[in-house]
Amino acid sequence: MYVSVFYHDEAAGGYKVGRAYAYSTPLALQPGDKVIAPTVKNPEQRAIVAEIDIPEPPFECRVIGRYDDGGETAEVTSV
């Protein structure tokens with residue numbers, strides 16, 4: 001399954017709404033689930049699922065393999 005996510009911004013204390021990023025995942029995710037979405041700069045990047053079952057992107061996606069089970073609850077913030 002392919003999903004889109006918004007990344008957590010530690011400085012803003014929330015999830016940035018704006019550009020969403022595509023990932024593949026074997027997990028049964030739902031919108032609003034908090035996950036670890038690895039990036040080049042941060043293999044432990046916190047993120048929130050925006051959409052599920054998106055069309056397969058024309059590029060290879062990184063894989064979300066686990067839920068974010070730590071950290072403080074953060075609000076969604078606009079960009």
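**Salt bridges and pocket**

I started with R66, which is partly exposed at 36% relative accessibility. My scale calls a residue buried under 20% relative accessible area, exposed over 50%, and partly exposed in between (1.4 Å probe, protein chains only). The model is predicted: local features need pLDDT of at least 70, side-chain atom pairs count only at pLDDT 80 or more, and totals for chains, interfaces and linings use all residues. Residues are numbered from 1 along each chain as its sequence is written, and side-chain values use heavy atoms, with hydrogens and water left out.

Next I looked for the partner of R66. The side chain of R66 meets that of E44 in a salt bridge, at 2.1 Å from N to O. R66 sits in strand β6 (residues 66–67) and E44 in the loop between β4 (34–36) and β5, so the pair ties together parts 22 residues apart in sequence. Strands here are DSSP runs (E, at least two residues), numbered from the N terminus. E44 is also partly exposed, with a relative accessible area of 45%.

I then searched the whole structure and found four salt bridges. The criterion was a side-chain nitrogen of Lys or Arg within 4 Å of a carboxyl oxygen of Asp or Glu.

Which residue forms a salt bridge with D68? I found R46, with the closest N and O atoms 2.8 Å apart. D68 lies in the loop between β6 and β7 (75–78) and R46 in strand β5, so this pair ties together parts that are 22 residues apart in sequence. Both D68 and R46 are buried. For R46, I noted a relative accessible area of 12%.

R46 also meets E10 in a salt bridge, at 3.5 Å from N to O. This pair links distant parts of the chain, 36 residues apart: R46 is in β5 (residues 46–52), and E10 is in the loop between β1 (2–9) and β2 (14–17). E10 counts as exposed, at 57% relative accessibility. Shared partners join E10, R46 and D68 into one network of salt bridges.

Last, I turned to the largest pocket. A pocket is an open set of points on a 1 Å grid over the protein atoms alone, with protein on both sides within 12 Å along at least five of seven lines; lining residues have an atom within 4 Å of a point. I logged about 170 Å³ of space in the largest pocket. Its lining includes Y7, R19, F59, E60, C61 and R62. Strand β3 (residues 21–24) gives the most to this lining, with three residues. By class, I noted seven nonpolar, no polar and three charged lining residues.

Key
Helix = DSSP H or I, 4+ residues; strand = E, 2+ residues; numbered from the N terminus. 1 Å grid on protein atoms, 1.4 Å probe; cavity = no way out; pocket = protein on both sides within 12 Å on 5 of 7 lines; lining within 4 Å. Points joined across faces, edges and corners; volume = space filled by probe spheres on them. Nonpolar A, V, L, I, M, F, W, Y, C, P; charged D, E, K, R; others polar.
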